[in-house]
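Visitor: I'd like to learn how to read a strand and its surroundings in a model. Can you walk me through one?

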Amino acid sequence: MNLIGKWKVKEVFCFSPENGMEWKPVEEPEAQGVEEDDLSMYRNSFMIFYENGTAENLMSLPADCTQEQIEAVIAEGKEIRDGMMVLDRKEWKTEDGKNLYNTGNNGEVLGEEISPWVELKEVDDMFELQFLRYSRI
């Protein structure tokens with residue numbers, strides 16, 4: 001899968017009383033176990049993958065965001081571009097035919113060092129990163 005371009009959150013992995021954990025459309029208001037604030041954030045989140053091996057995670061600014069609020073965010077060191085706030089920048093790469101994303105997570109599990117690189121699993125026309133599925137815009 002070619003990742004270059006802009007992607008939007010389409011599904012979230014959440015709890016369903018009928019089925020336990022399952023994938024639900026992020027637009028579905030009754031996504032159980034996910035706070036409305038989180039759902040709203042996911043609905044307004046994007047990822048952009050660039051040819052140079054960087055990926056940006058962005059969020060649309062709320063329509064009622066004031067210039068004063070924008071300036072406060074910029075003062076905190078965040079970048080605002082095209083009505084979106086850049087939440088972070090990470091690396092990505094293709095290796096052995098797999099798309100990998102550097103989560104930046106470091107540490108150990110049961111004494112084994114974990115890699116910050118995770119595979120972006122392809123599911124239909126989407127890719128999966130942790131508990132979110134993204135579709136191309």
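Visitor: Which residue takes a positive phi in the hairpin of β12 and β13?

Guide: A bit of background first: most residues other than glycine have a negative phi. This is a predicted model, and in the β12 and β13 hairpin, with two residues between the strands, Q130 takes a positive phi near 60 degrees. Q130 is not a glycine, and its place is the loop between β12 (126-129) and β13.

Visitor: Is Q130 buried or exposed?

Guide: For that call, exposed means over 50% relative accessible area. Q130 has 54% relative accessibility, so it counts as exposed.

Visitor: Where else is there a positive phi on a residue that is not a glycine?

Guide: Have a look at D82, where phi is about 55 degrees. D82 sits in the loop between β5 (79-81) and β6 (84-95). With a relative accessibility of 69%, D82 counts as exposed.

Visitor: How many residues of β13 are buried?

Guide: Here the cut-off is under 20% relative accessible area. Four of the five residues in β13 are buried, leaving the strand mostly covered. Take R133, which lies in β13 (residues 132-136): its relative accessible area is 12%, so R133 is buried.

Visitor: An arginine in there! What does the side chain of R133 make a polar contact with?

Guide: Look for a pair of N or O atoms within 3.5 Å. The side chains of R133 and E128 are joined by a polar contact of 2.9 Å.

Visitor: Which other residues does R133 touch?

Guide: Setting aside residues up to four places away in sequence, R133 touches K8, V9, K10, E11, W23, V123, M126 and F127, along with E128.

Definitions and conventions
Residues are numbered from 1 along each chain as its sequence is written. This is a predicted model: local features need pLDDT of at least 70, side-chain atom pairs count only at pLDDT 80 or more; totals for chains, interfaces and linings use all residues. Side-chain values use heavy atoms; hydrogens and water are left out. Buried means under 20% relative accessible area, exposed over 50%, partly exposed in between (1.4 Å probe, protein chains only). A polar contact is a pair of N or O atoms within 3.5 Å; within protein, one must be able to donate a hydrogen and the other to accept it, and residues adjacent in sequence count only if both atoms are side-chain atoms. Contact means heavy atoms within 4.5 Å. Two strands pair if DSSP finds at least two bridges between them.
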